[in-house]
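Student: I would like to learn how to read the features of a helical model step by step. Could you take me through one?

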Amino acid sequence: MESKALTYEYLIRRAHQCARYGAAGADADTFRNFEKLSSSVAASGSDGSKKYNEYMFSAGKVCAYLKTAITFVLNTYESKLSNDQKTELEDVELLLSYPPTEAKIFEAIGRAEAVMLAIGLFPQ
């Protein structure tokens, strides 16, 4: 079974049609760091702590990379996207708005990936 970190990496690579590190955020390590901090914050449960701030920063980075990838697909592959697919990607962008949560990020990856696969985008 493919890990969530690799699914994230493939989504970024799929959008930008690049290899690993070929675009900002196009590596699973970015997502692994987010997952690690998420687990740490869940265990400690302390808002306002240094770990919580690091988690929020990491979540923001992941969301920003995902939004950038989605915007890139919307602009670059506009002619391949149906109106429903455009609406779906726009909705996913809104889903990634503040506050970033693990659940929103996982949902966004799944929904965006489905659209990108439907128009034939595969990672390089």
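This is a predicted model: local features need pLDDT of at least 70, side-chain atom pairs count only at pLDDT 80 or more; totals for chains, interfaces and linings use all residues.

Student: Which residues of α1 are buried, and what covers them?

Tutor: The idea is to ask how much of a residue's surface remains accessible, and then to look for what lies over the rest. In α1 the buried residues are Ala5, Thr7, Tyr8, Glu9, Leu11, Ile12, Arg13, Arg14 and Ala15, and what covers them includes α2, α3 and α5. The buried residues of α2 are Ala28, Thr30, Phe31, Phe34, Leu37, Ser38 and Val41, with α1, α3 and α5 among the elements that cover them. In α3 the buried residues include Tyr55, Met56, Val62, Cys63 and Leu66, and the buried residues of this helix pack against α1, α2, α4 and α5.

Student: Is Leu37 buried or exposed, and which residues does Leu37 touch beyond its neighbours in sequence?

Tutor: Here the cut-off matters, because a residue counts as buried when its relative accessible area is under 20%. Leu37 has a relative accessible area of 6%, so it is buried. Its place is in helix α2, residues 28–44, and, leaving aside neighbours within four places in sequence, Leu37 is in contact with Lys51, Glu54, Tyr55 and Ser58.

Student: Why does Cys63 count as buried, and which residues does Cys63 touch?

Tutor: Cys63 belongs to helix α3 and counts as buried because its relative accessibility is 4%. Not counting residues up to four places away in sequence, Cys63 touches Leu96, Pro100 and Ile105. As a further distance to look at, Cys63 and Leu11 are 52 residues apart in sequence and 12 Å apart in space, C-alpha to C-alpha.

Student: At what angle do α2 and α3 pack, and how far apart are their axes?

Tutor: For a pair of helices, one reads the angle, the distance between the axes, and then the residues in contact. The angle between α2 and α3 is about 145°, and their axes are 9 Å apart, while α2 passes α3 in a left-handed crossing. Among the residues that meet are Phe31, Phe34, Leu37 and Val41 in α2, and Lys51, Tyr55, Ala59 and Val62 in α3. By class, this contact of α2 with α3 has nine nonpolar, five polar and two charged residues.

Student: How are α4 and α5 arranged, roughly parallel or roughly antiparallel?

Tutor: Helix α4, residues 83–95, packs with α5 at an angle of about 160°, and their axes are 9 Å apart. That angle makes α4 roughly antiparallel to α5, and their crossing is left-handed. The residues making the contact include Leu89, Val92 and Leu95 of α4, and Ala108, Arg111 and Val115 of α5. Sorted by class, the contact of α4 with α5 has seven nonpolar, one polar and five charged residues.

Student: Finally, what is the phi of Gln17, and where is Gln17 placed?

Tutor: As background, most residues other than glycine have a negative phi. Gln17 has a positive phi near 50°, and its place is in the loop between α1 and α2, just after α1. At 27% relative accessibility, Gln17 counts as partly exposed. Tyr21, whose phi is also positive and near 70°, sits in the loop between α1 and α2 as well, and Tyr21 counts as exposed, at 54% relative accessibility.

Note on methods:
Residues are numbered from 1 along each chain as its sequence is written. Side-chain values use heavy atoms; hydrogens and water are left out. Helices (H or I, at least four residues) and strands (E, at least two) are DSSP runs, numbered from the N terminus. Buried means under 20% relative accessible area, exposed over 50%, partly exposed in between (1.4 Å probe, protein chains only). Contact means heavy atoms within 4.5 Å. Axes are lines fitted to C-alpha atoms, for helices over the stretch in contact, and angles run from 0 to 180 degrees between N-to-C directions. Angles under 35 degrees count as roughly parallel, over 145 as roughly antiparallel, 65 to 115 as roughly perpendicular and the rest as oblique. A crossing is left-handed if the near helix is turned anticlockwise from the far one by less than a right angle, and right-handed if clockwise. Ala, Val, Leu, Ile, Met, Phe, Trp, Tyr, Cys and Pro count as nonpolar, Asp, Glu, Lys and Arg as charged, and the others, Gly among them, as polar.
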